[in-house]
Amino acid sequence: MDNHLDAIQTEALAVLASVHDQAALREWHAAHLAKKSPLMLALGDLGKLPKEQRAEIGRRGNEVKRTLEAAYGEKEQAVQAEALARSLGENAVDVTLPGRQPRPGHLHISTQTLRHIYQVFGEMGFQVYEAPDVETDEFNFGLLNIPPYHPARDMWDTFWLDNPQGGGSRGTLLRTHTSPGQIRAMREMVPNPVRVILPGKVYRYEQITARSEHQFYQIEGLAVGHGITLADLKGTMLNAIHRLYGADRTVRFRGSYFPFTEPSVEVDMDCVLCNGVGCRVCKYTGWLEVSGAGMVHPVVLRNGGYSPDEWSGFAFGMGMERSLLLKYSIDDIRMFYGNDLRFLRQF
Ligand code: PHE
């Protein structure tokens, strides 16, 4: 009987030596240590043995069981270590290979264009002055000579942030133009002369189409000083347009109306595509609108803290996106805010 147990142990250990993975290990356990294994069957049969052999065989049987269990435990660890070593070998990372290069980003076309505009006006002595996007009715309209009843309010479809009726002049809104910044700049700089541009987003409660967005950039300009005339406005606009659109552009002033300038003008340049001949882009007029402008209205000067008897000034406000549409033949203004990288990477 002893020989039988020895044979069981020898056989089991021999098989275990050839085990190299989890599946084989599980199989081995089922065959050599589980209920129906030869060892367990032998231990189960102890009762059938003659009394004097039982203790000796039982002791030896338990010895074999402990030996096999210990061997199993060791093997289990060895199999795990082997599996780990194998996976490290197979999925080896070569740390000396060059990594994936992150793709450097670049400035949005709007930002690039704004910076170019800052450059051009900066060379003419204009500082950049930033004003808030959320404005009050008072700054966006009232102080710009557009009282609540005034029909000129219809020129700017407005995103109200609270009830304009209930709030009266305290109503808040998203600025419909950069002109309220004129008042803020003047009040901050009075009694010194002013020469600023006010760039930023403006918001209009309008249907979004390929031609018009509900938000876009404007660049406002304001100069206040002694003896400033319409000629200064014209010279400034002419120089800016030559720098931005090319030295051979022709500029014209056309009478217009804004409540905060007097006189008011539209500044046009000859069409960049057809050079004034007339084409689809300029609607066969030969001209493109660049900017609203004019001499700062006396009421606005006074609201800014400057006496119109001693001071005068000019102001202009131009949109940015439309001119980019022309320059790059972009046929949809929505591209600017669409976040489509295929579009953005072109600039
Ligand atoms: N704020 C005007 C607009 O948005 C443009 C403008 C600015 C006109 C300054 C005159 C002077 O239409």
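I count two strands as paired if DSSP finds at least two bridges between them. Helices (H or I, at least four residues) and strands (E, at least two) are DSSP runs, numbered from the N terminus.

Ground rules next. This is a predicted model, so I kept its limits in view: local features need pLDDT of at least 70, side-chain atom pairs count only at pLDDT 80 or more, and totals for chains, interfaces and linings use all residues. Residues are numbered from 1 along each chain as its sequence is written, and side-chain values use heavy atoms, with hydrogens and water left out.

**Entry 1: the sheet**

I began with the hairpin. S6 and S7 are joined through two residues. They pair in the antiparallel sense, over seven bridges. Which residue of S7 is the bridge partner of Gly-255? I found Val-265.

Gly-225 has Ser-312 of S9 as its bridge partner.

**Entry 2: helices on the sheet**

I took contact as heavy atoms within 4.5 Å. Axes are lines fitted to C-alpha atoms, for helices over the stretch in contact, and angles run from 0 to 180 degrees between N-to-C directions.

**Entry 3: helix against helix**

For angles, I call under 35 degrees roughly parallel, over 145 roughly antiparallel, 65 to 115 roughly perpendicular and the rest oblique.

How do H5 (residues 109-122) and H9 cross? Their axes come within 10 Å, at roughly 135 degrees. H5 is therefore oblique to H9. On the H5 side, the contact uses His-116, Ile-117, Val-120 and Phe-121. H9 brings Thr-236, Ala-240, Arg-243 and Leu-244.

Next I looked at H2 (residues 22-32) on H4. The axes are 10 Å apart and the angle is about 170 degrees. H2 is therefore roughly antiparallel to H4. Gln-22, Leu-25, Trp-28, His-29 and His-32 are the H2 residues in this contact. They meet Leu-68, Tyr-72, Lys-75, Glu-76, Val-79 and Gln-80 of H4.

**Entry 4: helix H4 itself**

H4 (residues 51-90) has 40 residues. From first C-alpha to last it reaches 58 Å, close to the 58 Å expected at 1.5 Å a residue. The expected span is 1.5 Å times one less than the number of residues.

I then asked which residues of H4 are buried. Buried means under 20% relative accessible area, exposed over 50%, and partly exposed in between (1.4 Å probe, protein chains only). The buried residues include Ile-57, Gly-58, Arg-60, Gly-61 and Val-64. Leu-68, Ala-71, Tyr-72, Lys-75 and Val-79 are buried as well. An α-helix has 3.6 residues a turn, so residues three or four places apart point the same way.

Most residues other than glycine have a negative phi, and most peptide bonds are trans. I went after the exceptions.

Glu-262 and Pro-263 are joined by a cis peptide bond, omega about -5 degrees. Pro-263 lies in strand S7. Is Pro-263 buried, exposed or partly exposed? It counts as partly exposed, because its relative accessibility is 39%. Leaving aside residues up to four places away in sequence, Pro-263 touches Ala-293, Gly-294 and Met-295. Its C-alpha is 8.0 Å from that of His-297, 34 residues apart along the chain.

The bond from Val-190 to Pro-191 is also cis, with omega near 10 degrees. Pro-191 sits in the loop between H8 and S4.

Two non-glycine residues with positive phi went into the notebook. Ser-329 has phi near 50 degrees and Asn-339 near 60 degrees. Ser-329 is in the loop between H11 (321-327) and H12 (341-344). Ser-329 is exposed at 60% relative accessible area, and Asn-339 is exposed at 61%.
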